[in-house]
Amino acid sequence: MTITPPRAESSGIHLCTHTDSGLVLDADPVRMRQVLGNLTSNALRHTPAGGTVTLTARRVGDLTVLTVEDTGSGITADDLPQVFERFWRAEKSRSRRTGGSGLGLSIVRQFVEAHEGTVTVDSEPGKGCVFTIRLPRARHQDRRTP
C-alpha cells in the first residue's frame, strides 16, 4: 500500500507500507508510535526527492519484525556502531539548531529494549538504510498462527 502524508508528499518521497494480516503486537502504543515516528522522520530527512521510504511489519517465528527502509544517503561502516549512541549525528556539521538533538535513535533503542526487543541497522552509503526492530509476538496471540 502506498500512502503520502504531507511531509513525504511535499518532499516528493514515496512512502509505502506492507503488513502481514492479523498481526498483533503487545506494546505501548505511544512508545511504538515514537519509535516508528523517529525512524520514519529520519528516513524522510535523509531521502532525496523521488526516493522511497518503506515500512514493513511481518511475523518471523515468535517475533514481530518491523522495518523502516529508505533509499537515502546511508551511513558509513565507520559510523554504524555509533548510531544508537546519545547525541550522535551522521552529519557532523549539523547542530541542535539545524536538526535535532541527536537523541532520536538512542530513544528508539531504549524503547525497543524496554519491550524486550532489539533494533539493528544495515546501511551502505548512497543506497540507504534498513532499521530492523524485532519484538516478541503478543503473548495472547494464538501461537499456531504462522
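This is a predicted model: local features need pLDDT of at least 70, side-chain atom pairs count only at pLDDT 80 or more; totals for chains, interfaces and linings use all residues.

Student: Okay, which strand is Thr67 in?

Tutor: Thr67 sits in strand 4.

Student: And what is Thr67 in contact with, leaving aside its neighbours within four places in sequence?

Tutor: Thr67 is in contact with Thr54, Leu55 and Thr56, and also with Val130, Phe131 and Thr132, once neighbours within four places in sequence are left aside.

Student: Let's follow Thr132 then. Where is Thr132 found?

Tutor: Thr132 belongs to strand 6, which covers residues 128-136. Leaving aside neighbours within four places in sequence, Thr132 is in contact with Val65, Leu66 and Thr67, plus Thr118, Val119 and Thr120.

Student: Is Thr132 buried or exposed?

Tutor: Buried, because its relative accessible area is 8% and the cut-off for buried is under 20%.

Student: Can we zoom out? How many helices and strands are in the chain?

Tutor: The chain has four helices and six strands. Starting at the N terminus, the elements go β-α-β-α-β-β-α-α-β-β.

Student: What percentage of the residues count as buried?

Tutor: Of the 146 residues in the chain, 36% count as buried. As for contacts between residues at least 6 apart in sequence, 63% of them join residues at least 24 apart.

Student: Switching to helix 2. How far apart are its end C-alpha atoms?

Tutor: The end C-alpha atoms of helix 2 are 24 Å apart. That agrees with what you'd expect, because 17 residues at 1.5 Å a residue should span 24 Å.

Student: Which residues in helix 2 are buried?

Tutor: The buried ones in helix 2 are Met32, Val35, Leu39, Thr40, Ser41, Ala43 and Leu44. At the start of helix 2, a side-chain oxygen of Asp28 comes within 2.9 Å of the backbone nitrogen of Val30.

Student: What about pockets? How much space lies in the second largest pocket?

Tutor: The second largest pocket holds about 270 Å³ of space. There are 17 residues lining the second largest pocket, and the closest to its centre are Leu25, Met32, Leu36, Ala57 and Leu66.

Student: Which elements supply at least two residues each to that lining?

Tutor: Strand 2 (14-19), helix 2 (29-45), strand 3 (52-60) and strand 4 (63-70) each supply at least two residues to the lining of the second largest pocket. By type, the lining divides into ten nonpolar, six polar and one charged.

Student: New topic: Asp20. Where is Asp20 found?

Tutor: Asp20 is in the loop between strand 2 and helix 2, and counts as partly exposed at 28% relative accessibility.

Student: What does Asp20 touch, not counting residues up to four places away in sequence?

Tutor: Asp20 touches Ala57, Arg58 and Arg59, with residues up to four places away in sequence not counted. A polar atom of the Asp20 side chain lies 2.7 Å from the backbone nitrogen of Arg59. The C-alpha atoms of Asp20 and Thr56 are separated by 8.5 Å, with the two residues 36 residues apart along the chain.

Student: Last one: what is the phi of Glu116?

Tutor: Glu116 has a positive phi of about 65°, although it is not a glycine. Most residues other than glycine have a negative phi. Glu116 sits in the loop between helix 4 (104-114) and strand 5 (118-124).

Student: And is Glu116 buried or exposed?

Tutor: Glu116 is exposed, with a relative accessible area of 59%.

Methods
Residues are numbered from 1 along each chain as its sequence is written. Side-chain values use heavy atoms; hydrogens and water are left out. On a 1 Å grid over the protein atoms alone, a cavity is a set of points where a 1.4 Å probe fits but cannot get out, and a pocket is an open set with protein on both sides within 12 Å along at least five of seven lines; lining residues have an atom within 4 Å of a point. Grid points are joined across faces, edges and corners, and a volume is the space filled by probe spheres set on the points. Ala, Val, Leu, Ile, Met, Phe, Trp, Tyr, Cys and Pro count as nonpolar, Asp, Glu, Lys and Arg as charged, and the others, Gly among them, as polar. Buried means under 20% relative accessible area, exposed over 50%, partly exposed in between (1.4 Å probe, protein chains only). Contact means heavy atoms within 4.5 Å. The expected span of a helix is 1.5 Å times one less than its number of residues. A polar contact is a pair of N or O atoms within 3.5 Å; within protein, one must be able to donate a hydrogen and the other to accept it, and residues adjacent in sequence count only if both atoms are side-chain atoms.
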